[in-house]
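Subject: Structure handover

Hello,

Here is the structure I said I would pass on. My notes on it follow below.

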Amino acid sequence: MARRGQILCRQLRGVYRSTVATATVTSGRTGEAQRRFLHVGERASLTKVFSACDAVVFAKLTGDVNPIHWDLSYARTTPFEKPIVHGVLINGLISAVLGTKLPGGGCIFLSQEIRFPAPLFTGEEVLAEAEVREINKPYALISVSCSVKDKIVMEGQVKVIVPE
C-alpha cells in the first residue's frame, strides 16, 4: 500500500508540473494585485494538453475508472475509437480561468450549464475561454467554451459571485 502511495504521489507531482498552462487576459490585467473591475465583454483564456497519465491519475483520485478514458483496447470498441478526456477535467480548465484570471482570486463558482458537443482526445491542445456576458453585482454570468481548433468540445454558461 505504501508503494502505491509513493507511485501516486510521484504521478501527482508530474500532473502538477503538467498543469502549468499559458494564459491570456485580453483586457491586459494579468497579474494585477489591486482591486479590479469586471466589464461586460471582458475575456480570458488558457490552453492545455491532457495526457493519458492525467486521465489515469484523475481516475485514481476520483474513482471514475470508466475505461473509455484510459483503456485503448476498450476505447477502440466505442464510436470514439480512442480514449476521451473526462468531461470534468475539461470543465476544470474553466474553473482555472475563472479562479485565476476572470474574475480571478476570490471568485465563487455558483452554478453552470454546460454541454459536450464533441469529444476531446488525449494529446489535443484545448483552448478554454470565458467571456463576461452580464453583471448584476455581486453576480456575473460568463459564457464559457473549450475548443480544439474549430471543434467545440465544451460550451455553456456559468454564474459566479464576483469578489468585492
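I start with a histidine: the side chain of His69 comes to 2.8 Å from the backbone oxygen of Ile84. Please keep in mind that this is a predicted model. A polar atom of the His69 side chain also lies 3.5 Å from the backbone nitrogen of His86. His69 belongs to the loop that runs between H2 and helix H3 (72-75). Its relative accessibility is 10%, so His69 counts as buried. Apart from neighbours within four places in sequence, His69 is in contact with Ala55, Asp64, Pro83, Ile84, Val85 and His86.

Next, helix H4. This helix covers residues 87-100, 14 residues in total, and spans 20 Å from its first C-alpha to its last. That is close to the 20 Å expected at 1.5 Å a residue. Which residues of H4 are buried? They are Leu89, Ile90, Asn91, Leu93, Ile94, Val97 and Leu98. The cover over these buried residues includes helix H2 (52-62) and the strands E2 (43-49), E3 (108-115), E4 (125-136), E5 and E6.

Lys149 is placed in the loop between strand E5 (139-148) and strand E6 (151-161). Is Lys149 buried or exposed? With a relative accessible area of 78%, Lys149 is exposed, because the cut-off for exposed is over 50%. The C-alpha atom of Lys149 is 8.2 Å from that of Leu127, although the two residues are 22 residues apart along the chain.

Two other lysines are placed over aromatic rings. The charged end of Lys82 sits over the ring of Phe121, at 4.6 Å from its centre. Lys159 lies over the face of Tyr139, 4.5 Å from the ring centre. As for pairs of aromatic rings, the count comes to 0.

Finally, the cysteines and disulfides. How many disulfides does a search of the whole structure find? The search finds 0. Cys107 has a relative accessible area of 16% and is therefore buried, under the 20% cut-off. Cys53, at 37%, is partly exposed.

Regards

Methods:
Residues are numbered from 1 along each chain as its sequence is written. This is a predicted model: local features need pLDDT of at least 70, side-chain atom pairs count only at pLDDT 80 or more; totals for chains, interfaces and linings use all residues. Side-chain values use heavy atoms; hydrogens and water are left out. Helices (H or I, at least four residues) and strands (E, at least two) are DSSP runs, numbered from the N terminus. Buried means under 20% relative accessible area, exposed over 50%, partly exposed in between (1.4 Å probe, protein chains only). The expected span of a helix is 1.5 Å times one less than its number of residues. Contact means heavy atoms within 4.5 Å. A polar contact is a pair of N or O atoms within 3.5 Å; within protein, one must be able to donate a hydrogen and the other to accept it, and residues adjacent in sequence count only if both atoms are side-chain atoms. A disulfide is a pair of cysteine sulfur atoms within 2.5 Å. Rings of Phe, Tyr and Trp (its six-membered ring) pair if their centres lie within 6.5 Å; planes under 30 degrees apart count as stacked, over 60 as edge-to-face and the rest as tilted. A charge sits over a ring if NZ of Lys or CZ of Arg is within 6 Å of the ring centre and within 35 degrees of the ring normal.
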